[in-house]
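Please look at the sequence and the model below.

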Amino acid sequence: MSSEEITLAAADAQAVLAPANGGRVAGLRIDGLELLRQGERFGCFPMVPWCGRVRDGRFLSGGAVQQMPLNAPPHAIHGTTRESPWRVASHTDTEAVLTYDLVDPWPYPGRVTQVFTLTPDALTLTMSVETYESSFPAQIGWHPWFNRTLGDGGEDVRLDFAPAWQEERGADHLPTGHRIDPRPGPWDDCFGMPDGVDVTLTWPGRLELKVASREEWVVVYDEQAEAVCVEPQTGPPNGLNTHPRLVTPIDPLEAATTWSWRRL
């Protein structure tokens, strides 16, 4: 591990944070088993100030059309902070606080704060977006790459969740605006869970992990052989346009997700 990483530890759980690499959770080990994919696409990164794709990289705010870089042509994807360094505000053995000041290409000044709290059986991720000047629409989300298998020769992870609906996905990978009955995977899709995100990942004989959040939106992406992504977020893809949530000087945007686990 580089000196730029922070390791939180609680009993036999360890979470490795990488402030300099997008403020992400670089690794999560339980009983020595790494839950998060390593390599090129790894760990769990924050999606902020938007989640998923924004159509053509454009959104309307205050009557003005804003253009974001097309980093997933023809769209913009996953916000502006996942490849930028975050500042370490504080950390202890079990908790860390990171901050990021929004800069160009995001057109509005603001601050994002992440709090990571580790216990022997759970990791809680909390994020907020606040502004001291102009109001602007924003979203918060998390993009974990969970390993499909744990250790050598283990069975593939099993996903269990009961969404109320699935956002119909168009050919451009964006929701069409229609809600449909949930369909079987593989998925790169957004689902609605109005009672809160509740998704269980089970690695048979190894570990059960529950991803929970008070938010009602979750994207599930399992089209890659190595990993499965379960992404709680405050709105659907293209939500800056379809479900704008305004951040104002007196009303920040806040969200949290908790990953809790038990051994099998």
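Eight strands form an open sheet in the order β10-β11-β12-β13-β26-β22-β21-β17, with antiparallel pairing. Strands here are DSSP runs of E with at least two residues, numbered from the N terminus, and two strands pair if DSSP finds at least two bridges between them. The edges are β10 (87-91) and β17 (158-160), each of which pairs on one side only. From one strand to the next, the twist averages 15°; axes are lines fitted to C-alpha atoms, and angles run from 0 to 180 degrees between N-to-C directions.

This is a predicted model, in which local features need pLDDT of at least 70 and side-chain atom pairs count only at pLDDT 80 or more, while totals for chains, interfaces and linings use all residues. Residues are numbered from 1 along each chain as its sequence is written, and side-chain values use heavy atoms, with hydrogens and water left out.

Within the sheet, β11 (residues 95-101) and β12 (residues 111-119) are antiparallel and share seven bridges. Valine 97 stands opposite valine 115 of β12. On to the next pair, β12 and β13 (residues 122-130) are joined by nine bridges, again in the antiparallel sense. A hairpin of two residues connects β12 to β13, and phenylalanine 116 stands opposite leucine 125 in β13. In a regular strand the side chains alternate between the two faces of the sheet. At β17, three bridges make the antiparallel link to β21 (residues 197-203), and arginine 158 has threonine 202 of β21 as its bridge partner.

Now the pockets. A pocket is an open set of points on a 1 Å grid over the protein atoms alone, where a 1.4 Å probe fits, with protein on both sides within 12 Å along at least five of seven lines; lining residues have an atom within 4 Å of a point. Grid points are joined across faces, edges and corners, and the volume is the space filled by probe spheres set on the points.

The largest pocket has a volume of about 520 Å³. Its lining has 28 residues, of which Ile77, His78, Arg82, His143 and Trp145 lie nearest the centre. Strands β18 (165-169), β20 (188-192), β23 (217-221) and β24 (227-233) each supply at least two lining residues. By class, the lining has 11 nonpolar, five polar and 12 charged residues, where Ala, Val, Leu, Ile, Met, Phe, Trp, Tyr, Cys and Pro count as nonpolar, Asp, Glu, Lys and Arg as charged, and the others, Gly among them, as polar.

The second largest pocket has a volume of about 170 Å³. Residues lining this pocket include Trp50, Asn71, Arg82 and Glu83.

Technical notes: Helix = DSSP H or I, 4+ residues; strand = E, 2+ residues; numbered from the N terminus.
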